[in-house]
Protein chains: 2
Amino acid sequence: MSSHPNEPVPARQGLSRRKLFGAAGVGAAVVGAAGAGALAGRATAAAPAVHLETAVPFRGEHQAGIVTEAQDRMHFATFDVTTNSRDDVIKMLADWTEMAERMTQGQEAFKNGATGQNPYAPPTDTGEALGLPPSQLTLTIGFGPSFFVKDGVDRFGIADKKSAQLVDLPKFPNEKIEPARSGGDIVVQACANDPQVAVHAIRNLARIGFGTVAVRYSQLGFGRTSSTTREQTTPRNLFGFKDGTANLRSDETDKLNRFVWVGDGDGPAWLTGGTYLVARRIRMRIEQWDRTTLLEQERVIGRQKGSGAPMGQSDEFDELNFTLKDKKDKPLIDEVAHVRLASKENLGGIEILRRGYNFTDGSDGFGHLDAGLFFIAFVRDPLTQFIPMQNALSRKDALNEYITPTSSALFACPPGIREGDTSTFWGSTLFD
Amino acid sequence: MSSHPNEPVPARQGLSRRKLFGAAGVGAAVVGAAGAGALAGRATAAAPAVHLETAVPFRGEHQAGIVTEAQDRMHFATFDVTTNSRDDVIKMLADWTEMAERMTQGQEAFKNGATGQNPYAPPTDTGEALGLPPSQLTLTIGFGPSFFVKDGVDRFGIADKKSAQLVDLPKFPNEKIEPARSGGDIVVQACANDPQVAVHAIRNLARIGFGTVAVRYSQLGFGRTSSTTREQTTPRNLFGFKDGTANLRSDETDKLNRFVWVGDGDGPAWLTGGTYLVARRIRMRIEQWDRTTLLEQERVIGRQKGSGAPMGQSDEFDELNFTLKDKKDKPLIDEVAHVRLASKENLGGIEILRRGYNFTDGSDGFGHLDAGLFFIAFVRDPLTQFIPMQNALSRKDALNEYITPTSSALFACPPGIREGDTSTFWGSTLFD
């Protein structure tokens, strides 16, 4: 046990830490027989629940995959539309909707798709998810600014449906955006507890979209970085810190209506009950971070690494207290700590719903892991929420020394398709 | 239900297929309430077991991660040694062994590593696995040819310990090897049921190795492509076929001794009880495959896509029968079908232990998924097993039209460290 210099140590902090890490201090227990059970180790809570047999309803007031309990794996893909045919796009979106509903319910993309149809034709399901349960698969669709107008051209006669909030995100300080993995006309976010199920879903959509869309980029993620329900313990990002402690939760209906769901009158009618998806691939400078001191890491984040409690406090869910100071009268939560700058107190009350994932894409050829956080957030209005927040963070946040955003995109996600509604499909209200 | 033209349809095949896919043929069931239970869908077997709480013993006659029940996720990394100091390499391997034993048992890399040590120093555990159980993590080490002699130089005084079988794999037809993700002086294969645990392990080894080694390349995998125990159902690769049906199993002791474990007298004493690891990143031409007919897919593989049964037979585990013919006197298992060419009958009795993983590394910038199979095999002698097998396959295999190996490497894996042995560590017998 060590205490932090220049910091008051409340009694409960000490206890909390011992409780968390005491067990892990025992020398490595050696197990003599294969298949032995759990050991006292890092884990103090129960293992994360992995719900493989559960299917998430496809239909509802809102799309699934937004306030749905965050699954453990993600396959995120954006598509470029490669045709100017409005009819082809409409046809594909209708096909996608049918496939998406089937796959989220644990079915093949098409009935008997992998093996039961005409053997002289390509199978209509690629088969790698045969035998796998639904795994809480959700598929969430969104449309980028370029779906409405690309290079000044209104390809599909829907330019007037574009909302004023659906903009190309501006260039922020401290980012190095790679155009080839940014943007996209259409996004599909696949989340599931089994990566094979998420990969299968995107692949089958891409397959049926051949000739109409092409994958622009795709990203796999694991180990969600936010809790969206109170039942989920807060996961850790690749900086080793609990991430998403102060996130909005799925039962905070009033806040979700205020910060996530597009309201009646906010913009075009087709988006009411929908939301905006912000995606940012944030590369972490893992190796530099790993060589900084614990003090520096906690200063940069503004929370304690073990418990996740705000600096100077003892419980993860304690409210941030920006007035606490150390003996030298320095704020315990640094003036440029990430949690201070990202807090609603600093941002005039702005909140967002985060639903990101960790990623590791091998190494970068220079001996470093190509790893970080694939940030995903859902907001009611990017102009008044994400953009000012990111402007504030990207100028001052101490974390900037250790991160570089490498991709950026914004999409408008329509509301859900209601139970029993057989006339609408993904995006159909855009073409009314 | 369709039957195959030009093929006899045994009674049981029809039944078997109906049984497998009948349930999936029902229209998409719609669930009205969040959190509803399992649906009749693709899954007919129980969900794959995901053992998060289980720790795999680190010590034993052989290293773990070879015949160990295959976990669902992998982080594979090779390292280049960046020093000529024999002492530094020895020190790092000793540290790695201690860390590996701790981490596989669900502990931090070092005692109280993430938060409990000196706050003025970098944490000795990076923290992202705090709170996560062991998840059946195994860490398996191997040494490449360049560890012994690099550019003609015996950097560490161990050139005489290199076995004759530890060669640079030759160039095979139909491969497009990228040097930057091939080879490596040292390999560590991390397998676990949680990718965050596998990524954490490799990262902490890389961190502590700073100044001694640098990551050469790393690869994440999911959805193992082989069963190594009879309890595991055969998983599917990204071609949608069951993969690994005929794999060696962990209870086939005689065969493992014959085909996997290096025997006394096979080579240098330090390798007795060890094995060779062959790694090949095999890019699949997913989109081309998806546009071929079911007939062509089954002709190329030589098995039925649904059941996994050999062509002309009914059960997955039926022995391959190469003499069966259709009405036109053509062999039901094509002359260049993958299973025929890879069979022990075609290879003079050669068998190998496969333990590969599917991968999807986003997209390739041309609208295609960068996906495939990260092939891993363990063999007693690459010269008489893998190399002749690959020569036979790479010249004729019908699958070659749909795959391209893009990386290649061979490593010698020492035996395990015995229970209670405090004097040896990973590779220590190389330096005796």
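Arg299(A) touches Asp334(A), Val336(A), Ala337(A) and Ala398(A), leaving aside residues up to four places away in sequence; contact means heavy atoms within 4.5 Å. The model is predicted: local features need pLDDT of at least 70, side-chain atom pairs count only at pLDDT 80 or more, and totals for chains, interfaces and linings use all residues. Residues are numbered from 1 along each chain as its sequence is written, chains are lettered from A and ligands numbered from 1 in the order in which they are written, and side-chain values use heavy atoms, with hydrogens and water left out.

**Helix H7 and Arg299(A)**

Arg299(A) sits in helix H7 (residues 294-301) of chain A. Helices (H or I, at least four residues) and strands (E, at least two) are DSSP runs, numbered from the N terminus. At 30% relative accessibility, Arg299(A) is partly exposed; buried means under 20% relative accessible area, exposed over 50%, and partly exposed in between (1.4 Å probe, protein chains only). Its side chain makes a polar contact of 3.1 Å with the side chain of Glu296(A). A polar contact is a pair of N or O atoms within 3.5 Å; within protein, one must be able to donate a hydrogen and the other to accept it, and residues adjacent in sequence count only if both atoms are side-chain atoms.

In chain B, six of the eight residues of helix H7 (residues 294-301) are buried, so this helix is largely enclosed by the rest of the structure. The buried residues of H7(B) are Leu294(B), Glu296(B), Gln297(B), Glu298(B), Val300(B) and Ile301(B). Gly302(B) follows H7(B) and has a positive phi, near 95°.

**Core and aromatic pairs**

The largest nonpolar core has 83 residues, of which Phe79(B), Trp96(B), Phe147(B) and Ile186(B) touch the most other members. Such a core is a set of buried Ala, Val, Leu, Ile, Met, Phe, Trp, Tyr and Cys residues joined through side-chain atoms within 4.5 Å. Helix H2 (residues 86-104) of chain B gives the largest share of this core, seven residues. A second, separate core of 82 residues includes Ala192(A), Tyr276(A), Met389(A) and Leu399(A).

Over all chains there are 30 aromatic pairs. Rings of Phe, Tyr and Trp (its six-membered ring) pair if their centres lie within 6.5 Å; planes under 30 degrees apart count as stacked, over 60 as edge-to-face and the rest as tilted. Two edge-to-face pairs are tabulated.

| Pair | Centre to centre | Angle between planes |
|---|---|---|
| Phe147(B) and Phe148(B) | 5.9 Å | 85° |
| Phe172(B) and Phe386(B) | 6.0 Å | 90° |

Phe172(B) lies in the loop between helix H3 (145-148) and strand E3 (186-192) of chain B, and Phe386(B) in helix H9 (residues 386-396) of chain B, so the pair ties together parts that are 214 residues apart in sequence. Phe172(B) and Phe386(B) are both buried. In chain A, ring pairs link Phe143(A), Phe147(A), Phe148(A), Phe156(A), Trp270(A) and Phe431(A) into a cluster.

**Cysteines**

The count of disulfides over all chains is zero, a disulfide being a pair of cysteine sulfur atoms within 2.5 Å. Cys413(A) is in no disulfide, and the nearest cysteine sulfur, that of Cys191(A), is 12 Å away. Cys413(A) is buried, with a relative accessible area of 0%. The sulfur of Cys191(B) is 12 Å from the closest cysteine sulfur, in Cys413(B), too far for a bond.
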